[in-house]
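These are my notebook entries on a structure that was new to me. I kept them in the order in which I looked things up.

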Amino acid sequence: MNPALIDFKDLSDYRGGLVSLEENKNIPFTIRRVYYLFGTDTDVRRGFHAHKTLKQVAVCVKGACTFLLDDGHSRSTTRLSSPHKGLYISNILWREMFDFTDDCVLMVLASEYYDESDYIREYDDFIEQVHA
Ligand code: T46
């Protein structure tokens with residue numbers, strides 16, 4: 001599968017960097033939640049789930065980390081290392097995140113409020129949903 005990367009306009013000038021994110025513009029949904037992961041050890045692997053309905057855009061605002069995305073047919077890995085790029089993660093995609101740099105701050109914009117019942121945490125259940 002091809003990862004869907006969004007290029008954000010670079011509004012930087014001589015004073016420093018600036019990127020602007022706007023719902024239903026360069027972020028393809030209404031933003032209901034923002035969270036960020038930081039201080040993740042390099043040897044830690046996170047994720048291991050898919051979402052039934054949630055859509056997200058992940059931006060590595062500092063440092064770098066790698067995303068594995070799996071649509072049930074094929075997998076891709078993407079190294080996120082730029083605040084100018086967002087990885088669009090649609091629903092029904094298995095994700096794992098790993099190889100975090102020490103300074104990594106991974107910001108995630110989400111289309112829904114937190115809802116544990118939206119998570120598919122078993123890979124076999126995910127494959128069942130793909131073929132449903
Ligand atoms: C995802 C990847 C990219 C909350 O209470 N509210 C929240 O908004 C979030 C994101 C998490 N939590 C709780 C649920 C767990 O008890 O925080 C704990 C850790 O969450 P989780 O193990 O799901 O974290 P990751 O890094 O495996 O996954 C997260 C998101 O949960 C998930 O939606 O797509 O980042």
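I began with M97, which counts as buried because its relative accessibility is 8% (buried means under 20% relative accessible area, exposed over 50%, partly exposed in between, with a 1.4 Å probe and protein chains only). I placed M97 in strand 8, where strands (E, at least two residues) are DSSP runs numbered from the N terminus. Leaving out residues up to four places away in sequence, I found that M97 touches L37, V44, R45, R46, G47, T66 and F67, contact meaning heavy atoms within 4.5 Å.

Before going further I noted that this is a predicted model, in which local features need pLDDT of at least 70 and side-chain atom pairs count only at pLDDT 80 or more, while totals for chains, interfaces and linings use all residues. I also noted that residues are numbered from 1 along each chain as its sequence is written, and that side-chain values use heavy atoms, with hydrogens and water left out.

From M97 I looked across to D118, which is 21 residues away in sequence and 19 Å away in space, C-alpha to C-alpha.

H51 belongs to strand 3, residues 46-51, and it is buried, with a relative accessible area of 2%. Apart from residues up to four places away in sequence, H51 touches Q56, N91, I92, L93, R95, D118, Y119 and I120.

Next I turned to the ligand, which 13 residues surround, the closest being R33, H51, Q56, R95 and Y119; a residue is near if one of its heavy atoms lies within 4 Å. I recorded an oxygen atom of the ligand 2.6 Å from an N or O atom in the side chain of R33, and one 2.7 Å from an N or O atom in the side chain of H51. At G47 it is a polar backbone atom that lies 2.9 Å from an oxygen atom of the ligand. The protein covers 68% of the 650 Å² of accessible area that the ligand has on its own, by the Shrake-Rupley method with a 1.4 Å probe.

Technical notes: Helix = DSSP H or I, 4+ residues; strand = E, 2+ residues; numbered from the N terminus. Polar contact = N/O pair within 3.5 Å; in protein donor to acceptor, adjacent residues only side chain to side chain.
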